[in-house]
Amino acid sequence: MLSRLSAVVASILVHQIYFLCTASALGVKPFPNFEKLPRSFWHELSSPFTEVYEVENFVTETGTPEPRPFFEDPESNITVQLGAQVYMHCRIQNLQNTLKVSWVRRRGEELHILTIGLDTYASDSRFSLAFEKPNDWRLLLHPATERDAGVYECQVSAHPPLIRTVHLAVSVPKVEIVDEHGATAGDKFYKAGSTIELKCVVSNIPQPTGYVTWRHGSRTLNYDTTRGGIR
């Protein structure tokens with residue numbers, strides 16, 4: 001039904017264009033201000049007929065239909081720490097040999113191709129495809145930076161295309177040193193022989209960290225010393 005309707009509209013548009021061209025050749029403007037119509041008018045007119053898909057049927061050599069490919073996992077949200085190694089998974093069942101899997105990054109209306117099949121096309125060497133058998137087309141990013149946060153899509157070149165979305169967030173840790181009273185430690189003066197207690201408060205991390213390094217100038221402080229240490 002939609003294809004017939006598209007054909008009718010296309011036929012009408014062709015006749016209108018022919019009429020306009022003929023009128024223009026004669027120096028006549030059949031529709032005053034016709035050229036001043038906004039672009040959105042043409043987009044709204046044409047878009048319903050440019051995105052109509054018929055579901056592609058997959059048939060084996062014996063003529064029996066094959067099951068359509070599908071993603072094992074729904075779209076996901078991933079939060080990682082700054083500098084981390086990130087795997088974005090894309091597990092696909094029933095993937096035929098004639099189909100391609102690609103990863104793209106979406107920025108607004110723009111799509112930037114990262115990988116197609118096993119090949120990497122991203123200009124940024126931090127991106128690569130790390131395929132894991134039997135069916136995981138993983139996108140590897142290392143190390144992650146704050147600007148890598150955003151939307152990534154795993155696409156299968158079926159008709160219509162299959163798309164799985166991954167939302168990536170990159171957490172930037174915040175480190176603050178406070179004194180024994182919990183106040184932010186700025187420039188302080190202590191008498192010789194006084195006890196100094198400083199705390200390192202780490203926040204905005206996706207998972208608790210098990211190791212913190214203290215440094216005094218260029219020297220790394222030990223966790224166990226006769227004068228106190230780190231605990």
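1. Two strands are taken to pair if DSSP finds at least two bridges between them. With that in mind, a reader coming to this predicted model can begin with an open sheet of three strands, whose order is β5-β11-β10 and whose pairing is antiparallel. The edge strands of this sheet are β5, covering residues 86-88, and β10, covering residues 127-132, and each of them pairs on one side only. From one strand to the next, the twist averages 30°.

2. Within this sheet, β10 and strand β11, which spans residues 136-141, run antiparallel to each other and pair over six bridges.

3. Turning to the surface, the model has a nonpolar patch formed by Ile177, Tyr190, Ile196 and Leu198, which together have about 330 Å² of accessible area. Of these residues, Ile177 is found in strand β14, residues 174-178. Ile177 counts as partly exposed because its relative accessibility is 35%, a value that falls between the limits of under 20% for buried and over 50% for exposed.

4. Is Ser102 buried or exposed? Ser102, which lies in strand β7 (residues 101-107), has a relative accessible area of 14% and is therefore buried, given that the cut-off for this class is under 20%. Leaving aside residues up to four places away in sequence, Ser102 touches Thr115 and Ile116, and also Glu153, Cys154 and Gln155.

Methods. Residues are numbered from 1 along each chain as its sequence is written. This is a predicted model: local features need pLDDT of at least 70, side-chain atom pairs count only at pLDDT 80 or more; totals for chains, interfaces and linings use all residues. Side-chain values use heavy atoms; hydrogens and water are left out. Helices (H or I, at least four residues) and strands (E, at least two) are DSSP runs, numbered from the N terminus. Axes are lines fitted to C-alpha atoms, for helices over the stretch in contact, and angles run from 0 to 180 degrees between N-to-C directions. Patches are made of residues with over 30% relative accessible area and no salt bridge: like charges are joined within 9 Å, nonpolar side chains (Val, Leu, Ile, Met, Phe, Trp, Tyr) within 5 Å. Accessible areas come from the Shrake-Rupley method with a 1.4 Å probe; for residues, only the protein chains shown count as cover. A salt bridge is a side-chain nitrogen of Lys or Arg within 4 Å of a carboxyl oxygen of Asp or Glu. Buried means under 20% relative accessible area, exposed over 50%, partly exposed in between (1.4 Å probe, protein chains only). Contact means heavy atoms within 4.5 Å.
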